[in-house]
Amino acid sequence: MARRHGGISMRTAKQDEFYRSKSFDRQVRRHLKAGVQRFAVVVPPAFAPLCRAELTDLGLAPAAEANGIIEFDGKWEDAYRANLWLRTASRVLWRRPDFRSGAVEDLFEQSAKQRWELWLDPRIPIRLAVHLAESRIGHEGQAAEALVAGISKRMAQFRLPRPRDCSPPVAAAVAAVDPVAVGDAAAAAAADYGADAGPEPNQLIIARIQRNRCQLSIDTSGFHLHRRGYRLVHTGAPMRETLAAAVLLKAGWNGSTPLVDAMSGSGTVAIEAARLARNIAPGLDRRFLFESWPCAFADTFRHVKTKAAEAALNRSPVPIVAVERDPGAIATARENARKARVDPDIRWHTGDFFDFTPVDRDLTPGLIVVDPPYGKRLASEGKTFYQRLGVVLRERFRGWRAAVFTPERLWLSQLGCRPLRTWSVPHGGLAIEVALFRIG
Ligand SMILES: C[S@@+](CC[C@H](N)C(=O)[O-])C[C@H]1O[C@@H](n2cnc3c(N)ncnc32)[C@H](O)[C@@H]1O
């Protein structure tokens, strides 16, 4: 009987013996360690060009983005680096070679041939997301059952229990899928349904069955990659860390000019900026699912993490200022920044942004990011708010670049300066606009 340790049960002595055996080691070497694997980064399509550039910076060769997925071939070390370093990605999947799946029997047989014992931790519940298209198998639930039965059979051959099945009800997962999304994007959306609900991540397995062929993708990340591990608390409408990083990168900010987070709330933009400026790997303070896999290459990941820790600068080379009028929000943001180890890099300013003047703070032109409050109040005062914002930006931020969020594109015209471009991004389940300006 497995004992419990924290949220996750301990391995039994028998399981330990199996994972330490020479034959297990041999199988891992033969089937996983050597050679090149295919990985797939799940990313909001709006961030895909940024994410591709990040992958290229890591020395990887990403394929073109399709349906919210960017594939690359590499070693396990590359997948570990992608998880650790990508600031804009949602998760990294491991692709398995596809197989014929004309009938549920094929799915069962092929699933039972996968070497689940090498990478499934029996203590971590699995969650299957099945996406069917143009195939003879007509029901997601049947397909999921066959795959799970195959996993059970395979694990039993090695006297391992099958992980608990926590797949969301098919109807709910299907309903979560964007109706216009196709293929991988649909599967990824279904896979993300309720993924972050529990205290421990589940092992996501995405099965995409298209034209009677099935491709299994195994999640390596665990919790969504926006969860950097530093945000303990948040104020009302926090922004995902991936979105904050994407806006900084989209605006071309690389940590060499000052940054102002004008209405900073829980401080996401300022914290992400400080970590970018200091070259702190975004995933350095969190765990990844692959670390729990029986076949995890712990030495490789330790090496990847050590190199990342060595690459970080001690201090931000440029000033980063967070302005917020709510002292409670500033306290929250500072707690998050302390956890993210960047509190000393950020100048916190409690006050009204409309009274803020950068030259009074010895700031030379850089980037200002404005994420104003949304909701009912702004709905009635939106026009006036953006008019006032425009006056402050034009009068006090000459020579700066600006990224301004708005739920209502029409309000942007009130700013009185023409955006270089507007960009539609996902935020809290909605698409909102970010306008990028150079203030003349
Ligand atoms: C949408 S939230 C910002 C969320 C933030 N990006 C985050 O990640 O938590 C807007 C914030 O603007 C602040 N705010 C509104 N008007 C302000 C003003 N005139 N000066 C300073 N802060 C203001 C609100 O208190 C609120 O915290």
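F39, F72, W76, Y80, W94, W116, W119, F288, F290, W293, F297 and F301 form one aromatic cluster in this predicted model. Pairing here follows a ring criterion: the rings of Phe, Tyr and Trp (its six-membered ring) pair if their centres lie within 6.5 Å, with planes under 30 degrees apart counted as stacked, over 60 as edge-to-face and the rest as tilted. Residues are numbered from 1 along each chain as its sequence is written. As the model is predicted, local features need pLDDT of at least 70, side-chain atom pairs count only at pLDDT 80 or more, and totals for chains, interfaces and linings use all residues, while side-chain values use heavy atoms, with hydrogens and water left out.

A search of the whole structure finds 26 aromatic pairs. In the pair of Y80 and F301, the ring centres are 5.6 Å apart and the planes stand at 80°, so this pair is edge-to-face. Y80 belongs to helix 4 (residues 76-85) and F301 to helix 12 (residues 298-311), so the pair ties together parts that are 221 residues apart in sequence. Helices (H or I, at least four residues) and strands (E, at least two) are DSSP runs, numbered from the N terminus. Y80 and F301 are both buried; the term means under 20% relative accessible area, with exposed meaning over 50% and partly exposed in between (1.4 Å probe, protein chains only).

A stacked pair is formed by F353 and F356, with 6.3 Å from centre to centre and 25° between the planes. F353 and F356 are also buried.

Helix 12 also holds A308. With a relative accessible area of 1%, A308 is buried. Its C-alpha atom is separated by 9.0 Å from that of R81, although A308 and R81 are 227 residues apart along the chain.

The charged end of R227 is over the ring of F223, 3.9 Å from its centre. R388 lies over the face of F354, and here the distance to the ring centre is 4.0 Å.

Helix 7 (residues 140-157) has 18 residues and reaches 26 Å from its first C-alpha to its last, close to the 26 Å expected at 1.5 Å a residue. The expected span is 1.5 Å times one less than the number of residues. Among the buried residues of helix 7 are A143, A146, L147, G150, I151 and R154. An α-helix has 3.6 residues a turn, so residues three or four places apart point the same way. After helix 7 comes R159, with a positive phi near 55°.

The ligand has 18 residues around it, of which S266, T268, E324, D352 and D371 come nearest; a residue counts as near if one of its heavy atoms lies within 4 Å. A polar backbone atom of R325 is 3.3 Å from a ligand nitrogen, and a polar side-chain atom of D352 is 2.9 Å from a ligand nitrogen. The protein covers 92% of the 610 Å² of accessible area that the ligand has on its own, with areas from the Shrake-Rupley method and a 1.4 Å probe; for residues, only the protein chains shown count as cover.

R211, in the loop between strand 8 (203-210) and strand 9 (213-219), has a positive phi of about 45° although it is not a glycine. R211 counts as exposed, at 57% relative accessibility. D362 lies in the loop between strand 12 (346-350) and strand 13 (367-370). Phi of D362 is also positive, near 60°, in a residue other than glycine, and D362 is exposed with a relative accessible area of 68%.

Strand 12 itself contains H349, which counts as buried at 17% relative accessibility. The side chains of H349 and R361 are joined by a polar contact of 3.3 Å. Such a contact is a pair of N or O atoms within 3.5 Å; within protein, one must be able to donate a hydrogen and the other to accept it, and residues adjacent in sequence count only if both atoms are side-chain atoms.

P407 is in the loop between strand 14 (401-406) and strand 15 (421-427), and is partly exposed at 37% relative accessibility. The C-alpha atoms of P407 and P373 are separated by 9.6 Å, with the two residues 34 apart along the chain.

Key:
A charge sits over a ring if NZ of Lys or CZ of Arg is within 6 Å of the ring centre and within 35 degrees of the ring normal.
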